[in-house]
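Thank you all for coming. I would like to walk you through one structure today, going slowly from element to element, so please have it open as I talk.

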Amino acid sequence: MKVAIYGQYYQNSTEPIIRDIFVFFNKNNVELVIQDDFLAMLYEKKIITKEYITFHDFNDLPTDVDILVSIGGDGTILRAATLVRNSGIPILGINAGRLGFLATVQKENIDELMQFVIDRNYTLSPRTLISLESSPSIPELESLNFAMNEISVSRKDTTSMITIETYLNDEYLNSYWADGLIISTPTGSTGYSLSCGGPILTPEAQSLVITPIAPHNLTARPLVIPDNVEIKLKVSGREEQYLVSLDSRIASIDNDTVLTIKKTPFHINMIEIPGKSFLKTLRSKLLWGEDRRN
């Protein structure tokens, strides 16, 4: 088995997790390929000393890699998705962060759950992505124009709200007067959209969610739409620019730029370990059933 590793370093408590992962893979004679920036950090912190083959990004990630292991939180997995892109290489998330809906392997049982991976005893959960096109184009986002969680627009350098004209398949839907608007995938429905009052979707749902951020008109509610719908946004406001973000990547956009959002032709495969389903994760993270009256 050949495994690529990418991660983020948060604090000293991350070190035992990283060491356990490397010990496990080396003990099982797994061939490792490490993202170069992450490996440099491991050398600097003296967490490991052994030399490994490295890769930098999608362009030099070996095509024969079986899985990519992401060490960190959900944000790390979102960045890992930009490394695998349309290669089909599945991602396994190991949670070294906090809440974490995507990173399913917890530090308390790394060896037990990683053994499922070695034995190839896992299933794949395909995750929908959405892409962004703009007129005029946005140079900062051209090379990575997709998002796994959400694409959002929001106000910039002002406390004034913005107006977001929204069209579905070229039919006018609404002009949201709000701090912003979130277009979320099922995966992203447990993230920013959820914190703004949006619904939770299961990963296999073939839908997207449009969630306004602090709308002026309280009748503007989150809307679930089919994921084959093309969404167009035209933003205006008192300032000359607004912000658009694709997961963690952000750019400033001129008013009246037309944004087109639609589902990408490829998806990201997340590894699902036996006993670690989305519904079980949902119950655990949201503490459903913890109330003794249930």
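This is a predicted model: local features need pLDDT of at least 70, side-chain atom pairs count only at pLDDT 80 or more; totals for chains, interfaces and linings use all residues.

Residues are numbered from 1 along each chain as its sequence is written, and side-chain values use heavy atoms, with hydrogens and water left out.

Helices here are DSSP runs of H or I with at least four residues, and strands are runs of E with at least two, numbered from the N terminus. The expected span of a helix is 1.5 Å times one less than its number of residues, so the 14 residues of H1 should span 20 Å, and this agrees with its end C-alpha atoms, which are 20 Å apart. Among the buried residues of H1 are Ile17, Ile18, Ile21 and Phe22, where buried means under 20% relative accessible area, exposed means over 50%, and partly exposed lies in between, with a 1.4 Å probe and protein chains only. Those buried residues of H1 pack against S1, S2, H2, S4, S5 and helix H4 (110–118), contact meaning heavy atoms within 4.5 Å.

Turning to helix H2, residues 36–44, we find Phe38, Leu39, Met41 and Leu42 buried. Seen down the axis of H2, these buried residues fall within an arc of 160°, so they line one face of the helix; the arc is that of the directions from the helix axis to the C-beta atoms. Their packing partners include helix H1 (14–27), strand S1 (2–7) and strand S4 (67–72). At the start of H2, a side-chain oxygen of Gln35 comes to within 3.1 Å of the backbone nitrogen of Asp37, and after the helix comes Lys46, with a positive phi near 60°.

Which residues of helix H6 are buried? In this helix, residues 278–285, they are Phe278, Thr281, Leu282 and Lys285, and they cover an arc of only 100° around the axis, which puts them on the same side of H6. Strand S5 (91–95), strand S6 (105–106) and strand S20 (268–272) are among the elements that cover them. Just after H6, Leu287 has a positive phi of about 60°.

Now to a sheet. Six strands form an open, antiparallel sheet in the order S15-S14-S13-S10-S17-S18, and its edge strands, S15 (223–226) and S18 (249–254), each pair on one side only. Two strands pair if DSSP finds at least two bridges between them; S10 (150–154) and S17 (241–246) pair over 4 bridges, and Ser152 has Ser245 in S17 as its bridge partner.

I will finish with two single residues. Lys2, in strand S1, counts as buried at 13% relative accessibility, and its side chain makes a polar contact of 3.1 Å with the side chain of Asp64; a polar contact is a pair of N or O atoms within 3.5 Å, where within protein one must be able to donate a hydrogen and the other to accept it, and residues adjacent in sequence count only if both atoms are side-chain atoms. Ile164, in strand S11 (162–168), is buried with a relative accessible area of 0%. Not counting residues up to four places away in sequence, Ile164 touches residues including Val153, Tyr176, Leu181 and Leu233.
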